[in-house]
Amino acid sequence: MNVQAMSLRGRSKGRQAANSSAMDAAARWGFVARGVIYLLIGLLALQIAFGGGGKQADRGGALAEIGEKPMGSFVLWALGIGLVGMSLWRLSEALFGASGPDGHKASKRLLSAARFVFYGFVAYSVLSFAAGDKGGSSGDQQSQDVTAKALELPAGQWLVGAAGIGILGAGLWIGVRAAKRSYHKHLKLGQMSHRARQFMDVTGVGGGLARGLLFAAIGWFVVKAAVDYEPDKAKGFDDTLRSFTDTPAGPWLLALVALGLVLFGLFSFGMARYRKV
């Protein structure tokens, strides 16, 4: 009985922490951190589209760009801590349910758990960079190394192919949700002006479509790597973005996607202000 009471008391305290002002601030700080990274990736990709492609248009390139600026080290630590906050908020959703009428569904909580792992990894990489670990290889090389190791496993081709299909499907899901403006249910619409709603729709739809296309393309390259048994065909953010210039649209498609990533960064800033937490 005492054990059960302690368990209930622990759950109650956990829910209080999940619904606290500190968790609210952590989530919003996390959205700002995500926005900064996507904004910089988009700007770096725009430079590539217009001939200034010296830097990697990925998270590592964005962090390097920040580190070169005055107070860069402080900003890197702030971003890393913000992403830790985002990760903890997603963990609280997985444990106690998200806001909204369907926030307690098993599928929603499982999705929050996956986001907790993802943002935890991103936070770790940003904090490691801030601490001086610049990483031994680019994001593209890391993608190829992981793919090569996975292909060596039993049924490796099937595993890599399934992972690629999953990433491709996630990209399509992101794009469809953006086009349908599914994010509306998470916004404090009653507290937003007409102009604020317009801002969120322009950045949310444009940014979500670009982000979805990018993830779908990454997934497609992973599938190709599995089918051809060639890990070098797997691509990270930078190589995938550069591959858009090989299409008939040339650098203009890359510029369009890059602009979309900038919009997604701005959308993340808007989410920090208007999202229900």
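Tutor: Arg 28 and Asp 24 are four residues apart in helix α2, and therefore lie about one helical turn from each other. This is a predicted model, in which local features need pLDDT of at least 70 and side-chain atom pairs count only at pLDDT 80 or more, while totals for chains, interfaces and linings use all residues. Residues are numbered from 1 along each chain as its sequence is written, and side-chain values use heavy atoms, leaving out hydrogens and water.

Student: What makes Arg 28 and Asp 24 a salt bridge?

Tutor: The closest N and O atoms of Arg 28 and Asp 24 are 2.9 Å apart. A salt bridge needs a side-chain nitrogen of Lys or Arg within 4 Å of a carboxyl oxygen of Asp or Glu, so the pair qualifies. By this rule the count comes to six salt bridges.

Student: What makes α2 oblique to α4?

Tutor: A helix is a DSSP run of H or I with at least four residues, numbered from the N terminus. The two helices pack at an angle of about 125°, with their axes 7 Å apart. α2 is therefore oblique to α4: under 35 degrees is roughly parallel, over 145 roughly antiparallel, 65 to 115 roughly perpendicular, and the rest oblique. Axes are lines fitted to C-alpha atoms over the stretch in contact, and angles between N-to-C directions run from 0 to 180 degrees.

Student: Why are α4 and α5 called roughly antiparallel?

Tutor: The axes of α4 (residues 72-96) and α5 (residues 106-130) cross at roughly 165° and come within 8 Å. That makes α4 and α5 roughly antiparallel. Their contact has 20 nonpolar, four polar and four charged residues.

Student: And why are α8 and α10 called oblique?

Tutor: Helix α8 (residues 194-228) and helix α10 (residues 251-274) pack at about 130°, their axes 7 Å apart. α8 and α10 are therefore oblique. By class, the contact of α8 with α10 has 15 nonpolar, seven polar and one charged residues.

Student: Which residues form the nonpolar patch on the surface?

Tutor: Trp 29, Val 32, Trp 77 and Ile 81 form this patch, with about 360 Å² of accessible area together. Patch residues have over 30% relative accessible area and no salt bridge; nonpolar side chains are joined within 5 Å, like charges within 9 Å. α2 (21-49) and α4 each supply at least two residues of the patch, and Ile 81 is in α4.

Key. Ala, Val, Leu, Ile, Met, Phe, Trp, Tyr, Cys and Pro count as nonpolar, Asp, Glu, Lys and Arg as charged, and the others, Gly among them, as polar. Accessible areas come from the Shrake-Rupley method with a 1.4 Å probe; for residues, only the protein chains shown count as cover.
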